[in-house]
Amino acid sequence: MKAAHAQSYKNHPVSGRILRRQEIAGSVLFETPYLRVALLLYVVLFPGTGLVAQPVRERLPVRELTYVVEPIIQGDSCRLRVSLTFRGDSSGKTRLLLPLEWSDGVDLYKAIRNLRSLSENTKIEDTKEPHVKTVHHRPNQRASLTYEVVSQPPGTKLTRETYHYPVLRPSYFYVMGQALWVYPDMPESTPLQLSLHWKNIPDGWALINSFGLSKPRQKVKTTLEKFRKGTFLAGDYRVKTIIINQEPLYAVTRGSFGFSDEEFHDTVKQLMQFTRDLWSSHDFPHYYVTMLPTDDPPGRTGGEGRTNSFTLFMPKDATLSKHLRTLAHELFHAWNPQRLGDFEVIGGVEDERLYWFSEGFTDYYASVLLLRAGLISLEDYVAGYNSLTKEYYTSPIRLLTVAEMVRKRQTSYEVDRLFYKRGALLAHYWDNAIRSRTNNKSSLDDVMRSLLKSAKARGVSLSHKRIADALRPYLGEKGVSDIEKYIDRGELVPAENFFGMCAIPEVINYHPWDMGFEADTSSRTRVISGVVPGSNAHRAGLRDGQKWVSGGFVWDDPTRLTKLTVIEGDTQKVVQFYPAARESIPLPQYKLKPDLSAAERAQCLSQLGVTSAPQKPDREARSLR
Ligand SMILES: [Zn+2]
């Protein structure tokens with residue numbers, strides 16, 4: 001099984017360039033190329049808080065906004081009635097923005113209805129753009145208006161994409177700030193002084209949002225960006241307070257899954273404890289993790305980092321153990337990159353080369369933290385390392401320069417994945433190097449903490465230079481030269497023995513997956529094309545022009561025997577072959593020694609930052625793969 005992860009970007013046509021990261025993760029077996037294409041369309045949004053280009057951080061005056069939100073429940077439908085009060089501009093005209101869009105085709109302004117003024121001498125006028133209105137008022141006058149937010153019709157299937165819209169039901173609602181708030185146009189970094197009033201919330205409903213728990217009246221100081229990146233929930237949610245280092249963490253869920261609430265709570269607690277310990281950061285006065293059920297098929301899971309929170313979308317039948325890596329990865333994003341500074345802006349554009357760091361290091365730490373938290377075993381960890389090495393070493397594009405990667409990333413899933421793999425292996429490599437040079441006294445953890453510390457200064461951005469500076473105390477100039485070598489020039493990152501005496505290294509002559517013909521195109525046209533002379537497919541008798549009658553193939557698995565029934569002239573025949581390249585690649589892999597003593601195991605674990613033998617949860621040992 002392989003994890004899938006994709007990202008894409010969009011420009012916000014109104015309030016400047018807003019970067020949106022989308023990612024999916026899950027375990028999917030690609031039976032046909034169509035399935036694979038379909039999967040790539042299934043993206044879950046992960047707005048990159050802190051990734052918005054803000055080269056100039058001027059101090060903007062505080063804006064005061066008052067919102068009153070009231071659910072109106074009628075039969076099996078629910079809508080929100082919202083009123084907004086703000087001070088109008090001195091010109092007597094204020095530009096008002098409605099929710100615009102999320103991913104392609106999600107036109108959020110269509111869910112805003114009955115917008116009208118409530119105050120005297122206030123008039124709302126349409127503009128050419130459906131999501132922009134002009135409010136006329138007396139200069140500097142307070143203006144009030146009201147609108148309704150509607151949901152997709154009752155009975156709409158709950159997919160991950162449904163949650164991009166307002167989800168409003170008679171028993172609960174979940175709305176992203178981007179879909180909920182109508183607001184006067186202003187820069188995203190504008191400081192806000194908000195009064196939020198949640199009116200007529202039915203008895204027994206839980207009330208939680210990015211700015212508090214169980215508070216029908218809220219006074220909030222934030223920025224427009226964080227406000228819109230918040231989530232706003234009320235209803236039949238189950239909220240569990242988990243205490244980590246004296247600070248509450250709320251685990252929020254509703255509906256049912258293929259696992260218990262207790263398993264969810266334990267997992268979140270373990271992961272968050274170890275993640276916050278790693279960063280030595282515990283300044284999370286309000287943070288919640290929401291797990292929401294979808295009607296998606298198992299394997300389609302994904303997460304989304306939001307203001308002071310994280311939302312995980314899980315199919316109702318999913319087991320948690322299969323998605324631990326997604327959870328750990330997404331939780332880690334709350335620091336990397338969210339708290340490490342915005343991506344450096346070069347020539348007016350964010351330096352997208354840095355994805356090797358923000359995604360690759362996050363992937364690396366997802367595995368490390370699962371191990372430290374005792375949620376996976378050393379065996380799982382070694383298997384994960386082997387599989388990472390295999391995916392990376394056998395990728396046909398493994399040697400791309402980072403400049404080419406940036407260029408192709410938006411259009412190629414494989415290129416996007418390469419950022420993760422190359423970055424994760426470089427994290428392993430550096431961690432190993434730092435631990436061996438310092439006799440295990442320091443590690444990559446120290447580098448991460450130093451980046452976090454230096455990010456606290458105003459206006460600091462994440463850059464190759466800052467990463468190299470953070471590495472310098474431990475690796476000298478090796479950091480700079482490694483970034484040039486492995487990232488800029490795209491040389492292969494060494495897959496070293498991370499497990500000391502616990503593992504036996506071996507180099508396998510691996511024949512990577514290679515269909516030997518244009519499988520994608522041929523399966524669409526049902527006519528075989530692009531057969532490579534000398535390939536396994538060719539040697540088995542597959543030829544251009546044969547009609548593809550039946551049989552399929554498995555994506556990315558050279559060990560799966562492919563059987564195709566084809567017609568050539570009047571003859572029908574079955575062609576069988578392994579879809580593997582003729583040429584092999586030397587692939588380093590590691591095997592744990594079979595008879596490890598407890599002391600040896602503890603010693604090897606300590607080299608991975610596991611300070612004491614982690615407690616396995618009393619449930620069945622969980623496996624990632
Ligand atoms: Zn990610």
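Two strands count as paired here if DSSP finds at least two bridges between them. Keep that in mind for the sheet views below, all taken from a predicted model.

**Figure 1. The whole chain, before zooming in.** This predicted model has 15 helices and 33 strands in the chain. Of its 625 residues, 41% count as buried. If you take the contacts with a separation of 6 or more, residues 24 or more positions apart account for 67% of them.

**Figure 2. An open sheet of 5 strands.** Reading across, the order is E12-E13-E19-E16-E17, and the pairing is antiparallel. Strand E12 (167–169) and strand E17 (212–213) sit at the edges, each pairing on one side only. Inside the sheet, strand E16 (residues 206–209) and strand E19 (residues 231–235) pair in the antiparallel sense over 4 bridges. To find your bearings on that pair, look for isoleucine 208, whose bridge partner in E19 is leucine 233.

Figure 3. Serine 214 lies between E17 and strand E18 (217–223). Its phi is near 55 degrees, a positive value in a residue other than glycine. Most residues other than glycine have a negative phi. Is serine 214 buried or exposed? The cut-off for exposed is 12 or fewer C-beta atoms within 10 Å, and serine 214 has 11 such neighbours, so it counts as exposed.

**Figure 4. Asparagine 308, another loop residue with a positive phi.** Asparagine 308 is found between strand E23 (302–306) and strand E24 (309–315). Phi is near 50 degrees for asparagine 308. As for its surroundings, a residue needs 20 or more other C-beta atoms within 10 Å to be buried; asparagine 308 has 22, so it is buried.

**Figure 5. Strand E10 and its two partners.** One partner is strand E7 (residues 93–97), which pairs with E10 in the antiparallel sense over 5 bridges. In that pairing, lysine 93 stands opposite histidine 136. Another partner is strand E9 (residues 123–126), also antiparallel to E10, with 4 bridges. Here isoleucine 124 has valine 135 of E10 as its bridge partner. E9 and E10 form a hairpin, with 5 residues between them.

**Figure 6. A cis peptide bond at proline 337.** Asparagine 336 and proline 337 are joined by a cis peptide bond, with omega at about 10 degrees. For context, most peptide bonds are trans. Proline 337 belongs to the loop between helix H5 (324–332) and strand E25 (342–343).

Figure 7. How does the span of helix H6 (residues 355–372) agree with what its 18 residues should give? At 1.5 Å a residue they should span 26 Å, and the end C-alpha atoms are 25 Å apart, so the two agree. H6 is mostly covered, with 18 of its 18 residues buried. After H6 comes glycine 374, whose phi is positive, near 75 degrees. Now bring in leucine 608, which sits in the segment after helix H15 (598–606). Not counting residues up to four places away in sequence, leucine 608 touches Val368 and Leu371. Leucine 608 and leucine 371 are 237 residues apart along the chain, yet their C-alpha atoms are separated by 8.6 Å. With 21 other C-beta atoms within 10 Å, leucine 608 is buried.

**Figure 8. Where helices H11 and H12 cross.** The axes of helix H11 (residues 464–475) and helix H12 (residues 478–488) come within 7 Å and cross at roughly 135 degrees. That angle makes H11 oblique to H12. On the H11 side, the contact is made by His464, Ile467, Ala468, Leu471, Arg472 and Leu475; H12 brings in Lys478, Gly479, Val480 and Ile483. Sorted by type, the residues of this contact divide into 6 nonpolar, 2 polar and 2 charged. In an α-helix there are 3.6 residues a turn, so residues three or four places apart point the same way.

**Figure 9. An open sheet of 3 strands.** The order is E30-E31-E32, and the pairing is antiparallel. Strand E30 (547–550) and strand E32 (571–577) are the edge strands. On average, neighbouring strands of this sheet are turned by 40 degrees against each other, direction ignored. E30 is joined to strand E31 (residues 562–568) by 3 bridges, and tryptophan 548 stands opposite valine 566 in E31.

Note on methods:
Residues numbered from 1 in each chain as written. Predicted model: local features only at pLDDT ≥ 70, side-chain atom pairs only at ≥ 80, totals over all residues. Axes fitted to C-alpha atoms, helices over the stretch in contact; angles between N-to-C directions. Helix = DSSP H or I, 4+ residues; strand = E, 2+ residues; numbered from the N terminus. Parallel < 35°, antiparallel > 145°, perpendicular 65-115°, else oblique. Contact = placed C-beta atoms within 7 Å. Nonpolar A, V, L, I, M, F, W, Y, C, P; charged D, E, K, R; others polar. Expected span 1.5 Å × (residues − 1).
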